[in-house]
Amino acid sequence: MFGFLRKQFVDVIEWLEQPGQLAWRVPFEDREIQNGAQLTVREGQVAVFVNEGCVADFFEAGLHTLNTANLPVLTSLMNWDKGFKSPFKSDVVFLSRKEQHGLKWGTAQPVTVRDAEFGALRIRAFGSYSFRVANLEPFVSRVVGTLEGLNVSALEPQLRAAIQTAIATALGSGGIPFLDLAANQQALSDRIKGEVDKAFEQWGLECLSFYVESVSLPEEVQAHLDKGSSMRVLGDLGQYTRFQTAEAIERAAGVDGGVAGVGAGIAAATALGGAMSAGLGAAAPSSAPADEDPIATIEKLHKLVTLGALSQQEFDAKKAELLSRIR
């Protein structure tokens, strides 16, 4: 009988939390908290007494003796006698208010934003963040509910979804071109954090830190951007065409095919230059006519003989072919 009675009453209430734990409901099945029980709340924790799903009383870090003096709200709700002689039942939930750090976020799918320079862009972003429980009532009622416990891993998908929405809002209204994002990464992090704070607040959470570590474009878009950057670096289209011509001739001279390969290289490079010039229109006229003068071609081939890129026999054969075209 003594063992049975001892089982029914809880004398000491405490929680030794594990990393990643956010909440733990004290199991009170077939047990009651007796008047004068000891409640131990450690640093970074808070104990919440819940009556019929509503937060009644809470205790910060320290050692507390449970009686009518320090449970005023719960005592009023339960209409207990002033003597408070009988044991009582109530849900007790421990919450961790420590910072949950080192968490990663990322865009599962590219976020489409309107860029000031490129128009619509699909952007990926990655980074890290941390948070803690700040407002007890919405966190208990909207997140914990009747759960026996809650870990960070169970809450992360919901938080990442909120972060992705905040990113779209912050990038869409920021007005900073994509090419300037790297120089304004801290400002971008602060702006996104402001949107994340609004989302987290509804669950009683506070975002303590938020960092954008990388912002990138899809591979195919980045490839086109790299090509455009290369053209801007090269600048002079005429020089670029001559460079491509020399590259094509050098490759053709080094493979089987001899003069035929050189001719094919010249034709390919000339076609490339004509296509690029046509693409630029009147702003960048072609540096050479589409059908180059055979005499000019012979002069170029002679220079290659001087440089050692062509043998004399190959030059003579190609020269005879070109001269035969002249009527």
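These are my notebook entries on a predicted model of one protein.

**Ground rules.** I recorded that residues are numbered from 1 along each chain as its sequence is written, and that side-chain values use heavy atoms, with hydrogens and water left out. Since the model is predicted, local features need pLDDT of at least 70 and side-chain atom pairs count only at pLDDT 80 or more, while totals for chains, interfaces and linings use all residues.

**Confidence.** I looked up pLDDT, the predictor's confidence in each residue, from 0 to 100. The protein has a mean of 74, and 60% of its residues reach 70 or more. Among the elements, β11 has the highest mean (94) and helix α1 (residues 2-8) the lowest (43). Residues 1-8 lie below 50, and this stretch has five contacts beyond near neighbours in sequence; a contact means heavy atoms within 4.5 Å. Residues 80-86 also stay under 50, with nine contacts beyond four places in sequence.

**Overall make-up.** I found ten helices and twelve strands. Both are DSSP runs numbered from the N terminus: helices are H or I with at least four residues, strands are E with at least two. Of the 327 residues, 37% count as buried, that is, under 20% relative accessible area with a 1.4 Å probe, protein chains only. Among contacts between residues at least 6 apart in sequence, 67% join residues at least 24 apart.

**The sheet.** I traced an open sheet of five strands in the order β5-β4-β7-β2-β11, with antiparallel pairing; two strands pair if DSSP finds at least two bridges between them. The edge strands, β5 (54-59) and β11 (149-151), each pair on one side only. I then looked up β4 (residues 45-51) and β7 (residues 91-96), which are joined by six bridges. Within this pair, Val48 has Val93 of β7 as its bridge partner. Helix α3 (residues 136-144) packs on the sheet and touches β2 (21-25), β4, β5, β7 and β11.

**Nonpolar cores.** Which residues touch the most other members of the largest nonpolar core? I listed Leu95, Tyr129, Phe131, Phe139, Phe200, Leu205 and Phe210, in a core of 44 residues. Such a core is a set of buried Ala, Val, Leu, Ile, Met, Phe, Trp, Tyr and Cys residues joined through side-chain atoms within 4.5 Å. Helix α4 (residues 152-174) gives the largest share of this core, nine residues. A second, separate core has 13 residues, including Ile33 and Phe49.

Note on methods
Buried < 20%, exposed > 50% of the residue type's maximum accessible area, 1.4 Å probe, protein only. Axes fitted to C-alpha atoms, helices over the stretch in contact; angles between N-to-C directions.
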